Amino acid sequence: MANPDADEQPIPVIASERCTGCKLCVEACPEGALAMQQMIAVVVHPLACTYAGYCERICPQQAISRPFQILWSPGKEQS
Ligand code: SF4
């Protein structure tokens with residue numbers, strides 16, 4: 001299932017210099033968001049990414065990370 005909020009959500013970052021081309025992340029992604037290009041993993045379908053993290057967890061080279069933002073919103077003070 002494609003992520004409906006993909007425009008507002010970052011995609012995994014792949015450090016190409018660490019990638020050995022094992023293809024484990026491509027095979028692990030249930031959304032088919034990743035593919036190999038010139039023996040390096042690339043997020044080829046960013047809108048399909050659900051940010052589940054299968055790729056990050058399976059990579060033996062720790063080449064994949066998922067950046068995130070911390071958003072603050074004003075809240076009610078509790079008394
Ligand atoms: S699992 Fe890691 S090392 Fe293997 S292809 Fe993907 S990014 Fe490259």
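Me: In what order do the elements of the protein run from the N terminus on?
Reply: Starting at the N terminus, the elements follow the order β-α-β-β-α-β, and the secondary structure therefore comes to two helices and four strands, where a helix is a DSSP run of H or I with at least four residues and a strand is a DSSP run of E with at least two, both numbered from the N terminus. This is a predicted model, in which local features need pLDDT of at least 70 and side-chain atom pairs count only at pLDDT 80 or more, while totals for chains, interfaces and linings use all residues. Residues are numbered from 1 along each chain as its sequence is written.

Me: Why is Ala41 called buried?
Reply: Ala41 has 27 other C-beta atoms within 10 Å, and a residue is buried if 20 or more other C-beta atoms lie within 10 Å of its own, exposed if 12 or fewer, and partly exposed in between, with C-beta atoms placed from the backbone. The count for Ala41 is 27, so Ala41 is buried. Across the protein, buried residues make up 15% of the 79 residues.

Me: Where is Ala41, and which residues does Ala41 touch, not counting residues up to four places away in sequence?
Reply: Ala41 is in strand 3, and, with those neighbours left out, Ala41 touches Ile14, Cys19, Cys25, Val26, Leu34 and Met36; two residues are in contact if their C-beta atoms, placed from the backbone, lie within 7 Å. Ala41 and Cys22, 19 residues apart in sequence, have C-alpha atoms 8.7 Å apart in space.

Me: How many residues surround the ligand, and which are the closest?
Reply: The ligand is surrounded by 14 residues, and the closest are Cys19, Cys22, Cys25, Ala41 and Cys59; a residue is near a molecule or strand if its C-beta atom, placed from the backbone, lies within 6 Å of it.

Me: What makes residues of this shell nonpolar, polar or charged?
Reply: Ala, Val, Leu, Ile, Met, Phe, Trp, Tyr, Cys and Pro count as nonpolar, Asp, Glu, Lys and Arg as charged, and the others, Gly among them, as polar. Divided in this way, the shell around the ligand holds ten nonpolar residues, three polar and one charged.

Me: How do you know that strand 2 and strand 3 pair?
Reply: Strand 2 and strand 3 are joined by four bridges in the antiparallel sense, and two strands pair if DSSP finds at least two bridges between them, so the four bridges here meet the condition. Leu34 has Val43 in strand 3 as its bridge partner, and Ala35 stands opposite Val42 in strand 3. The two strands form a hairpin with two residues between them, and Gln38 in the turn has a positive phi of about 55°.

Me: What makes the phi of Met39 worth noting, and where is Met39?
Reply: Most residues other than glycine have a negative phi. Met39, although not a glycine, has a positive phi of about 70°, and Met39 is in the loop between strand 2 (34-37) and strand 3 (40-43). Met39 counts as exposed because it has 11 C-beta neighbours inside 10 Å.

Me: Why is Tyr51 called partly exposed?
Reply: Tyr51 has 17 other C-beta atoms within 10 Å, and therefore Tyr51 is partly exposed. Tyr51 lies in the loop between strand 3 and helix 2 (54-58), and its phi, near 65°, is a positive value in a residue other than glycine. Leu47 lies in the loop between strand 3 and helix 2, and Leu47 is partly exposed because 14 other C-beta atoms are within 10 Å.

Me: What makes Val42 partly exposed?
Reply: Val42 has 15 C-beta neighbours inside 10 Å, so Val42 counts as partly exposed. Leaving aside its neighbours within four places in sequence, Val42 is in contact with Ile14, Leu34, Ala35 and Gln37.

Me: Why does Arg18 count as partly exposed?
Reply: Arg18 has 13 C-beta neighbours inside 10 Å, and so Arg18 counts as partly exposed. Arg18 lies in the loop between strand 1 (13-14) and helix 1 (24-28), and beyond its neighbours within four places in sequence it is in contact with Gln61, Gln62 and Ala63. Arg18 and Ile64, 46 residues apart in sequence, are 8.9 Å apart in space, C-alpha to C-alpha.
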